[in-house]
Amino acid sequence: MKIWNAGEENLLNEFAADDLIVNYTHFENTYTSISEYKSMLQQTHEFFPDLEITLEEIIPSENGHGATIHWEYNGTHKNGNLFGVDSSGKKVTVQGMTLLKFQNGKVVEEKGIVDNLSLMMQLGAIG
């Protein structure tokens, strides 16, 4: 999960399988490679160059081939237009959950949900 911290996307090379599959409910598409995922992370870090994730809880799967993670990220909207809101310098705190699946010591699948309603409210996109 540290790959979500700004500037840490290269950790994918170490911890993810080459054919990694990533899908979050707010993504328009499923990402099917490390390079596609890195590109999305770099876009996210453009909006929030100081984004930092904190792991709140890690629940290993019973078979040892996965984990569910409750996390929180903090960041400052410094660049770009997000949800129709120009960069404002607002600090945001957003929570979510991610399900990771492992194979041969690497993450092969990442699925999750992010509280984007909270993010939109904090940015002022909706009241």
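Leaving out residues up to four places away in sequence, S33 touches D18 and L20; contact here means heavy atoms within 4.5 Å. The model is predicted: local features need pLDDT of at least 70, side-chain atom pairs count only at pLDDT 80 or more, and totals for chains, interfaces and linings use all residues. Residues are numbered from 1 along each chain as its sequence is written, and side-chain values use heavy atoms, with hydrogens and water left out.

S33 sits in the loop between β1 (16–24) and α2 (34–47). Helices (H or I, at least four residues) and strands (E, at least two) are DSSP runs, numbered from the N terminus. S33 counts as buried because its relative accessibility is 16%. The classes are buried, under 20% relative accessible area; exposed, over 50%; and partly exposed, in between (1.4 Å probe, protein chains only). The side chains of S33 and S35 are joined by a polar contact of 3.2 Å. A polar contact is a pair of N or O atoms within 3.5 Å; within protein, one must be able to donate a hydrogen and the other to accept it, and residues adjacent in sequence count only if both atoms are side-chain atoms.

The protein chain as a whole has three helices and seven strands. Along the sequence, their pattern is α-β-α-β-β-β-β-β-β-α. The radius of gyration is 15 Å, close to the 14 Å that the globule rule gives for 127 residues, so the protein chain is as compact as a globular protein of that length. This radius is taken over C-alpha atoms, and the rule is 2.2 Å times the number of residues to the power 0.38. Along the principal axes, the C-alpha atoms fill a box of roughly 45 × 25 × 25 Å. Of the 127 residues, 39% are buried. Among contacts between residues at least 6 apart in sequence, 56% join residues at least 24 apart.

Y73 belongs to strand β3 (residues 66–76). Y73 is buried, because its relative accessible area is 8%. Neighbours within four places in sequence aside, Y73 is in contact with F48, L51, E52, I53, V92, T93, V94 and L119. Y73 and Q95 are 22 residues apart in sequence, yet 6.4 Å apart in space, C-alpha to C-alpha.

I53, one of the contacts of Y73, lies in strand β2 (residues 52–60). I53 counts as buried at 11% relative accessibility. Residues up to four places away in sequence not counted, I53 touches M1, K2, W4, N5, W71, E72 and Y73. I53 and N74 are 21 residues apart in sequence and 6.5 Å apart in space, C-alpha to C-alpha.

F83 is not a glycine, yet has a positive phi of about 55°. F83 lies in the loop between β4 (81–82) and β5 (85–86). F83 counts as partly exposed, because its relative accessibility is 38%. N104, also a residue other than glycine, has a positive phi near 55°. N104 is placed in the loop between β6 (91–103) and β7 (106–114). At 75% relative accessibility, N104 counts as exposed.
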